[in-house]
Amino acid sequence: MNPNYLNIRGVGKTFKAKGKTYEALGNVSLHIAEGEFVSLIGPSGCGKTTLLNLIAGLDKYETGSIDLDGEAISGPGLDRGVVFQNHALFPWMTVLDNIMFALDCAWKDKSKQEKREWAIHCLQMVQLGNAIDKKPSEISGGMKQRVGIARAFALNPKVLLLDEPFGALDALTRESLQIELQRIWSENRRTVVMVTHDVDEAILLSDRIVVMSRGPRAELIDIIPIEAPHPRNKSDLPDFPGYREIRSRIIDKLSFQFQ
Amino acid sequence: MYSSTSASSKKTSRPFQAKLAQLPGSVRTIGLFFAILIVGLAAWQLAVDQGWLMKLVPRPSQVWAAAVDVLGSPFYYAGSNDFGIGFHLLASLERVALGFVLAAIVAVPLGFVIGISETFSKAIDPFVQLLKPVSPLAWLPIGLAVLKSSEGTAIFVIFISSIWPILINTIFGVRSTSGTYLKIARTLEASRWMTIRHVLLPASLPNIVTGLRISLSIAWLVIIAAEMLVGGKGIGYYIWNEWNNLNLASIIVCIILIGLIGLVLDKLLSAVEKRIKYES
């Protein structure tokens, strides 16, 4: 496993709007190993999503560099699968067509039949084999987000970028999707960067938790490894060695931001 | 909307009011509709009988007789200057359909191209803003001069009146496409064509149909006036002709007929509009 698979080196980002400038990210450096699950946690508006968008290539960084598997990132690409907070499915397409659209964009030389079979396989992986012909408006929020996850996994990206993937869901649905994500991730291990503001979610899923400071000029203020083996169970969390320490360490860092 | 039941139930000392309050809302609405209709017709009849209005104004019964006469044989043909109202209506509908379809063919793709480019939309905006408030009838002499045909001019006027709402709504639809949808397309490295065909077009379709609906209503308004001017045939020409015959009864029949057809056209497109509305 390459320990320096995704490298963020001295990255800064300034937004300009209506003559005003806002320096969102100061000088961020982070090295993520292949197959590692990293969570970015921080107060809202701290630039977590900005950093994720820079990795996704949806925004351009001004200073520093980001490279993935030896290649510099200069724009959006199929080697990075993004799961957006609000599921972001096309409402005019069925569940299956949402996946098929991604495959049609990505795999130009494969046959319709091959793509269809793979899309159905991916939907079965997230337990949606029975909903393939439904429109997004006909399924629940949790199911929509499963489709979003299936779409990102379907393209076999090198990195999965999750932007508060469960933030809009109720607590019970969120928990079942966290378990589901963990299962899928264990079965096809790949590098994940997840933005979250849920401390327990970060501890449950991550190999490392990156705590970010409040903007402007947001920086990484702590990096905490979580050693417990996967898969983890939410009810077992309190029994993990060092769980309390880790949790209070993160909360201390976060609450310090509000003083 | 409906008389607040709590207020009316307080003073239900009289049995009639108590009974009225018990009726379902829809029955009360329909009842009120007919009451207004009957009172209106009676007032009209009374005004004519008492000689309060000009002599030209017909009684409701005369309008009814004219309706039976005009609508009884809508498709008679007795020479190129004397034919039934059905032919006039068909002529008007044909002009509207042609002008409207031509406008859609031009305005939807054009609006799309303009909407995709921010520079283009800003550059074109002053032209649209200037031309949009102009009555399409002002273009009629230009149509006559250029096309040298009354038929072509009528269609041209409809084209001009239809083009702005379609253009503006298409541009708006494309420009207001959710940023998230475009982000997904970008992360999937969707080609420009895939993005237009599968993201921008379906995302802006509801707005485009709204534009078509507005255009069709305006076209149906404008065709009457245009036909009064270009003449020959059509329901507007028919009305003008009846005015020259001082026949107000059949004009009133026409007004109701035009209203009904406009209503049907609008309902057709609003049905399409409802079908393609997405819930996310």
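In chain B, the centres of domain 1 and domain 2, taken over C-alpha atoms, are separated by 40 Å. Domain 1 of chain B covers 5-53 and domain 2 covers 85-275, the bounds of domains being taken from an automatic or database domain assignment. The model is a predicted one, in which local features need pLDDT of at least 70 and side-chain atom pairs count only at pLDDT 80 or more, whereas totals for chains, interfaces and linings use all residues. Residues are numbered from 1 along each chain as its sequence is written, chains are lettered from A and ligands numbered from 1 in the order in which they are written, and side-chain values use heavy atoms, with hydrogens and water left out.

Chain A is likewise divided, into domain 1 (1-79 + 157-259) and domain 2 (85-156), and the C-alpha centres of these two domains of chain A lie 25 Å apart. Between them, 20 residues of domain 1 of chain A are in contact with 15 residues of domain 2 of chain A, contact meaning heavy atoms within 4.5 Å. The area buried between the two domains of chain A is about 1500 Å², of which carbon and sulfur atoms give 64%; buried area is here the accessible area (1.4 Å probe) that two parts lose on being put together, summed over both. On the side of domain 1 of chain A, Leu78(A), Pro157(A) and Ile184(A) lose the most area to domain 2 of chain A, together 29% of what that side buries.

Across this interface of domain 1 and domain 2 of chain A, one salt bridge is found, a salt bridge being a side-chain nitrogen of Lys or Arg within 4 Å of a carboxyl oxygen of Asp or Glu. Arg146(A) forms a salt bridge with Glu180(A), with the closest N and O atoms 2.9 Å apart, and both residues belong to a network of salt bridges that also links Arg183(A) and Glu187(A). The elements that give two or more residues to the side of domain 1 of chain A that touches domain 2 of chain A are strand E7 (159-163) and helix H5 of chain A, where helices (H or I, at least four residues) and strands (E, at least two) are DSSP runs numbered from the N terminus. The largest share of that side, seven residues, comes from H5(A).

Other salt bridges are found in chain A. Asp198(A) forms a salt bridge with Arg174(A), the closest N and O atoms lying 3.6 Å apart. Because Asp198(A) lies in the loop between strand E8 (191-196) and helix H6 (199-205) of chain A and Arg174(A) in helix H5 (residues 171-187) of chain A, the pair ties together parts that are 24 residues apart in sequence. Asp198(A) is buried, with a relative accessible area of 18%, while Arg174(A), at 22%, counts as partly exposed; buried means under 20% relative accessible area, exposed over 50%, and partly exposed in between (1.4 Å probe, protein chains only). Asp200(A) forms a salt bridge with Arg247(A), the closest N and O atoms being 3.0 Å apart, and since Asp200(A) lies in helix H6 of chain A and Arg247(A) in helix H7 (residues 243-256) of chain A, this pair ties together parts that are 47 residues apart in sequence. The side chains of Asp79(A) and Arg80(A) also meet in a salt bridge (3.0 Å, N to O), in which Asp79(A) is partly exposed, with a relative accessible area of 25%, whereas Arg80(A) is buried, with 5%.

Between the two chains, 23 residues of chain A are in contact with 17 residues of chain B, and the chains bury about 1900 Å² between them, 76% of it on carbon and sulfur atoms. In chain A, Leu58(A), Trp92(A) and Phe101(A) lose the most area to chain B, together 31% of what that side buries. The count of salt bridges between chain A and chain B is zero. Strand E6 (80-83), helix H2 (95-106) and helix H4 (141-154) of chain A each supply at least two residues of the side of chain A that touches chain B, and the largest share of that side, four residues, comes from H2(A).

Helix H1 (residues 48-56) of chain A is mostly covered, eight of its nine residues being buried, among them Leu51(A), Leu52(A) and Ile55(A). Just after H1(A), Gly57(A) takes a positive phi of about 85°.
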